[in-house]
Amino acid sequence: MTLFPAGQDAAERIIHFEAIENARDLGGLVMQDGRKVRPGFLVRSGNLSRATDSDVAVLKERFNLTNVFDFRFDEEEADAPDRRIEGVNYVRLSTLPQRLIDGFTSGRADNKQLSSKDFVENLVNFAFMPHAQQVSRMMYTAIVSEPNSQMLYGMFMHGVLNARAGVLWHCSQGKDRAGWATAFLLAALGASRETIEADFDLSNRYFAPFLRKMLADVIGMGGGEREKEFLQAMVGVSLKNFRQALDMIEGKYGSLQAYVEKALGFSKAEQRKLQKKYLTS
């Protein structure tokens, strides 16, 4: 699979902030009908807690940012609150099911900065725990199956539709919960599954240096495929688990676009309005 259909270059969409991680503009992505996402309006990223003055200037001047959606839960937000930007409306929607938070709060790769030495060592240790491995495997299917998560992602979709100008959405590292938000948004805009998977997988490019180091540690401790799959899912993203969740959705609803309509409550008419607002020929 090419990273992006129709010759699209992922590097053109990556936003090089000083202190905001894993950021990219959806602008330029080609939908199945040939229309493209308008650049400068839809941004996915990691959290804004360390955003510099330069980062804020880019968000205001290049993206005319007016709306931020934060998918983190209470403890994450309290530990690293977003930098507030004047004139921007902030909405927090904790889309990770509570049962996952309760069962594995300390093991999530996006609970702390990956540069934390203690945290990195802790995550390597978690890789050898069967319960942690199980939680990492079920995370995506739990997110898309949980009624409360569906409701909150539906609120996100309506928020993007009604946004005054530029929109940014994030979790802690901008990869899992923000990745699913992006998948739902792209489905409503008319993207192919290939394009949706490719954008989701781009987070692995960003986090590759962290993942290589931690994989080496785990292999050195005798870790095998289960331990490596755990780190792939928790430090980067698991395309395997993402595809399994998409297959589950398609088996039940027929398509991800139908899931957005029926499970998230974002109607076909609203999807057409979203396309009119954010797509260009």
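Predicted model: local features only at pLDDT ≥ 70, side-chain atom pairs only at ≥ 80, totals over all residues.
Biologist: Let's start with H5 and H6. At what angle do they pack?

Modeller: About 70 degrees, with their axes 5 Å apart. H5 covers residues 130–145 and H6 covers residues 147–161.

Biologist: How would you class that, parallel or perpendicular?

Modeller: Angles of 65 to 115 degrees count as roughly perpendicular. H5 and H6 are therefore roughly perpendicular to each other.

Biologist: Which residues meet there?

Modeller: From H5, Ile 143, Val 144 and Ser 145. From H6, Pro 147, Ser 149, Gln 150 and Tyr 153.

Biologist: And by class, how many are nonpolar, polar or charged?

Modeller: The contact of H5 with H6 has 4 nonpolar and 3 polar residues. No charged residues take part.

Biologist: Switching to rings. How many aromatic pairs are there?

Modeller: The count is 17, taking ring centres within 6.5 Å as a pair.

Biologist: Take Phe 69 and Phe 156. What is the geometry of their rings?

Modeller: Their centres are 5.4 Å apart and the planes stand at 85 degrees, so the pair is edge-to-face.

Biologist: Where do those two sit?

Modeller: Phe 69 is in strand S4, residues 65–70, and Phe 156 is in helix H6. The pair therefore ties together parts 87 residues apart in sequence.

Biologist: Buried or exposed, for each?

Modeller: Phe 69 counts as buried, at 4% relative accessibility. Phe 156 counts as buried too, at 0%.

Biologist: What about Trp 180 and Phe 242? How are those rings arranged?

Modeller: The centres are 4.6 Å apart and the planes are at 55 degrees, so that pair is tilted. Trp 180 lies in helix H7, residues 177–189, and Phe 242 in helix H10, residues 239–253. The pair thus ties together parts 62 residues apart in sequence. Trp 180 and Phe 242 are both buried.

Biologist: Which residues do ring pairs link into a cluster?

Modeller: Phe 69, Phe 71, Tyr 140, Tyr 153, Phe 156, Trp 169, Trp 180, Phe 184, Phe 200, Phe 242, Tyr 253 and Tyr 259.

Biologist: Charges next. What does the charged end of Arg 84 sit over?

Modeller: The ring of Tyr 90, 4.1 Å from its centre.

Biologist: Back to S4. Is Thr 66 buried or exposed, and what is it in contact with?

Modeller: Thr 66 lies in S4. It is buried, with a relative accessible area of 6%. Leaving aside neighbours within four places in sequence, Thr 66 is in contact with Gly 87, Val 88, Asn 89, Arg 164, Ala 165 and Gly 166.

Biologist: Backbone now. What is phi for Asn 22 and for Asn 64?

Modeller: Near 50 degrees for Asn 22, and near 45 degrees for Asn 64. Both values are positive, in residues other than glycine. Most residues other than glycine have a negative phi.

Biologist: Where are they placed, and how accessible is each?

Modeller: Asn 22 is in the segment before strand S1. At 3% relative accessibility, Asn 22 counts as buried. Asn 64 is in the loop between helix H1 and S4. Asn 64 is partly exposed, at 46%.

Methods. Residues numbered from 1 in each chain as written. Heavy atoms only, no water. Axes fitted to C-alpha atoms, helices over the stretch in contact; angles between N-to-C directions. Helix = DSSP H or I, 4+ residues; strand = E, 2+ residues; numbered from the N terminus. Parallel < 35°, antiparallel > 145°, perpendicular 65-115°, else oblique. Contact = heavy atoms within 4.5 Å. Nonpolar A, V, L, I, M, F, W, Y, C, P; charged D, E, K, R; others polar. Phe/Tyr/Trp six-rings, centres within 6.5 Å; stacked < 30°, edge-to-face > 60°. Buried < 20%, exposed > 50% of the residue type's maximum accessible area, 1.4 Å probe, protein only. Lys NZ or Arg CZ within 6 Å of the ring centre and 35° of its normal.
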